[in-house]
Amino acid sequence: MRRTECLFAIVSLMVLVAAGCKPAAPSTRSEVVVYCAQDHVYAEPILAEFTRQTGIRVRSVYDSEAVKTVGLANRLLAERAHPQCDVFWGNEELRTRQLAAQDVFRPTNGWAAMGYRSRRIVINTNLLDISRAPRSLLELTNAEWRGRVVLAYPLFGSTATHFMALRQHWGAEKWEAWCRALMANRPLMVDGNSVSAKMVARGEAWIGLTDSDDILVEQRRGAPLSALPLTAESLLLPNTVGVVRGAPHPAAAQELFEFLQTRAALAPLVEAGALEGFDVPPEVAASGTLRPDWSRVLQDLEDATARMREIFLR
């Protein structure tokens, strides 16, 4: 009997110990999920440095250049009821503002902008003297540029954002007339701004609409490219970072949100040319670039997108 009582006591003790040693809930700092529109080659070293400093593992989801930002934005909208992402790292402003307007980000301190790059007209100086280059986007519909202009498909990425801002700047009627005239002039439509810059670099097009970072990549390779000066039709493009409402890892999300706004984190982007600078300098601000009323742009987004699908559909 004494032995039976002893065994019972040991088993009871083991049950109590096991009950008291349940594994702790996973830490909300252990990892962070990022949907990233910044180019993989630039973003990964920065995210790796964040992991090195904090010990927080980063799981990154990227999009193809052809549908960059729009694809990630649509994914975040689809996941609103059950968020899978903690932090959205955007490379332009419109889609971030669209997500904010749809309550994708947390209500307080939901998103921030950092750094800038720009939309530019670029020319191949072996084919076109800068004195003859078009000074306005409106001139791209002239017959002399027929089949000599290249641009990314304007339903995605920074090209879409630029076109939306131009619609507000010119007015819907003038903008639509320009879009139709541009398409009638047989532009080369490609999947992404880097492709646009490459085609001008190779002489397959004389003139391109693209981003400053893609121009710089080709210039560093020795391509005969020149970016035309900023005008009232040019658009500055910040990077953005936002914390998703109901993020699965809120503590880690906050750390990454703060980290990506630091100069130390942005410095590699500036050095690589992915950003032109941390802050917009006075001379760039004075150039009179587009200053969209983003609330109005968002109100018109659905209609403008439908118009562009009709005009530019391949």
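Which residues are buried in helix H4 (residues 94-101)?

**Figure 1. Helix H4 and the residue after it.** This is a predicted model, as are the views that follow. In H4, the buried residues are Leu94, Arg95, Thr96, Gln98 and Leu99. Follow the chain past H4 and you get to aspartate 103, which has a positive phi, near 60°.

**Figure 2. The whole protein, for orientation.** The protein has 314 residues, and 48% of them count as buried. If you take the contacts with a separation of 6 or more, 79% come from residues 24 or more positions apart.

Figure 3. Strand E1 (residues 31-36) and strand E2 (residues 57-62) run parallel, joined by 6 bridges. To get from E1 to E2 the chain goes through helix H2 (residues 40-54), making a right-handed β-α-β crossover. For a bridge to zoom in on, pick valine 32, whose partner in E2 is valine 58.

Figure 4. How many of the 14 residues of E4 are buried? The count is 12, so to speak a mostly covered strand, by the under-20% relative accessible area cut-off. E4 pairs with strand E9 (residues 236-243) in the antiparallel sense over 6 bridges, and tryptophan 111 sits opposite glycine 242 of E9. The pairing of E4 with E7 is antiparallel too, over 5 bridges, with isoleucine 123 facing isoleucine 207 in E7. With E8, E4 forms 3 bridges, again in the antiparallel sense; here asparagine 124 has leucine 225 as its bridge partner.

**Figure 5. Helix H8 and what covers it.** Ser212, Asp213, Asp214, Ile215 and Glu218 are the buried residues of helix H8 (residues 212-220). Their cover includes strand E4 (111-124), helix H7 (193-201), strand E7 (207-211) and strand E8 (225-227). Just past H8 comes glycine 222, with a positive phi of about 95°.

**Figure 6. The largest nonpolar core, and a second one.** The largest nonpolar core holds 36 residues, and Leu137, Phe163, Trp175, Trp178, Ile207 and Phe312 have the most contacts inside it. At least two residues of this core come from each of E4, strand E5 (149-152), helix H5 (157-170), helix H6 (172-184), E7, helix H12 (294-299) and helix H13 (301-312). Leaving out residues up to four places away in sequence, tryptophan 178 touches Leu137, Leu138, Thr141, Phe163, Leu166 and Trp170. There's also a second, separate core of 28 residues, with Ala112, Val241, Val243 and Ala252 among them.

**Figure 7. Glutamate 204 in its loop.** Is glutamate 204 buried or partly exposed? Its relative accessible area is 42%, which lies between the 20% and 50% cut-offs, so glutamate 204 counts as partly exposed. You'll find glutamate 204 in the loop between H7 and E7. Its side chain makes a polar contact of 2.8 Å with the side chain of arginine 202. Setting aside residues up to four places away in sequence, glutamate 204 touches Leu188 and Met199. Glycine 147 is 57 residues from glutamate 204 in sequence, yet their C-alpha atoms are 9.8 Å apart in space.

**Figure 8. Two cysteines.** Cysteine 85 has a relative accessible area of 1%, so cysteine 85 is buried. Cysteine 179 counts as buried as well, at 0% relative accessibility. With sulfur atoms required to lie within 2.5 Å, the model has 0 disulfides.

Terms used:
Residues are numbered from 1 along each chain as its sequence is written. This is a predicted model: local features need pLDDT of at least 70, side-chain atom pairs count only at pLDDT 80 or more; totals for chains, interfaces and linings use all residues. Side-chain values use heavy atoms; hydrogens and water are left out. Two strands pair if DSSP finds at least two bridges between them. Helices (H or I, at least four residues) and strands (E, at least two) are DSSP runs, numbered from the N terminus. A crossover is right-handed if, with the strands pointing away from the viewer, the path from the first strand over the helix to the second runs clockwise. Buried means under 20% relative accessible area, exposed over 50%, partly exposed in between (1.4 Å probe, protein chains only). Contact means heavy atoms within 4.5 Å. A nonpolar core is a set of buried Ala, Val, Leu, Ile, Met, Phe, Trp, Tyr and Cys residues joined through side-chain atoms within 4.5 Å. A polar contact is a pair of N or O atoms within 3.5 Å; within protein, one must be able to donate a hydrogen and the other to accept it, and residues adjacent in sequence count only if both atoms are side-chain atoms.
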